[in-house]
Amino acid sequence: SSVAFSPDGTRMVSGSRDETVKVWDAETGEETRTLRGHAGVVFSVAFSPDGKRIVSGSSDKTLKVWDAETGEETLTLRGHTGWVYSVSFNPDGKRIVSGSEDEMLKVWDAETGEETRTQRGHADGVVSVAFSPDGKRIVSGGEDETLKVWDAETDEETRNPARQPDGL
């Protein structure tokens, strides 16, 4: 359901319908680790900027943070009431943003798992989220075929591009 490269390009991570997160060697294509803990489809995966952690979002309504080297689950983040479609670390790896079918965009402390911000995102669910390279903004894409840009500190919507004519 989702794939990402590690920042150094040596590993890949994938999320799957079989409820697992898998880590792969990018050169050989060999699976190096399977991470189990979700109780639903893993829709989204991402490496932290330093490559030491992986975050995953699932239809079990949780996010999980994993140690990328050991495969140990280090945090389970609960707060969404719908499937978690998208997850992303901010550029310094201290925060995680998530988007869900519950129409919420949430920001989490990546060390403690504490939910630090919640924002109603889109009318029909938030399907994609990402931080800007400087970490000051968040962009979200919705099932309602809109893009929104948010101030990462204040939650204020800073830009609302027009509805995308051909979808996202």
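Colleague: What share of the 168 residues in the protein is buried?

Modeller: In this predicted model, buried residues make up 50% of the 168.

Colleague: Why is Asn 90 called buried?

Modeller: The cut-off for buried is under 20% relative accessible area. Asn 90 has a relative accessible area of 4%, so Asn 90 counts as buried. Asn 90 sits in the loop between β9 and β10.

Colleague: What makes the pair Asn 90 and Asp 92 a polar contact?

Modeller: A polar contact needs N or O atoms within 3.5 Å, one able to donate a hydrogen and the other to accept it. The side chains of Asn 90 and Asp 92 are joined at 2.9 Å, so the distance meets that limit.

Colleague: Which residues does Asn 90 touch, not counting those up to four places away in sequence?

Modeller: Asn 90 touches Pro 49, Arg 95 and Phe 131. Touching here means heavy atoms within 4.5 Å.

Colleague: Why are β10 and β11 called a pair?

Modeller: Two strands pair if there are at least two bridges between them. Five bridges join β10 (residues 95-100) to β11 (residues 104-109), so the two strands pair, and they run antiparallel. Across this pairing, Ile 96 stands opposite Trp 108 in β11.

Colleague: How many bridges join β11 to β12?

Modeller: Five bridges join these antiparallel strands, so β11 and β12 also meet the requirement of at least two. The bridge partner of Lys 106 in β12 is Thr 118. The hairpin of β11 and β12 has five residues between the strands, and in this hairpin Gly 113 takes a positive phi near 85°.

Colleague: What makes β9 and β12 edge strands?

Modeller: The open sheet has four strands in the order β9-β10-β11-β12, with antiparallel pairing. β9 (84-89) and β12 (115-120) each pair on one side only, and they are the edge strands. Neighbouring strands of this sheet are turned by 15° against each other on average, direction ignored.

Colleague: What is the secondary structure of the whole protein?

Modeller: The protein has zero helices and 16 strands.

Colleague: Why is the protein called as compact as a globular protein of its length?

Modeller: The globule rule gives 15 Å for 168 residues, and the radius of gyration is 15 Å, close to that value, so the protein is as compact as a globular protein of that length. The C-alpha trace spans about 45 × 30 × 30 Å along its principal axes.

Note on methods. Residues are numbered from 1 along each chain as its sequence is written. This is a predicted model: local features need pLDDT of at least 70, side-chain atom pairs count only at pLDDT 80 or more; totals for chains, interfaces and linings use all residues. Side-chain values use heavy atoms; hydrogens and water are left out. Axes are lines fitted to C-alpha atoms, for helices over the stretch in contact, and angles run from 0 to 180 degrees between N-to-C directions. The radius of gyration is taken over C-alpha atoms; the globule rule is 2.2 Å times the number of residues to the power 0.38. Buried means under 20% relative accessible area, exposed over 50%, partly exposed in between (1.4 Å probe, protein chains only).
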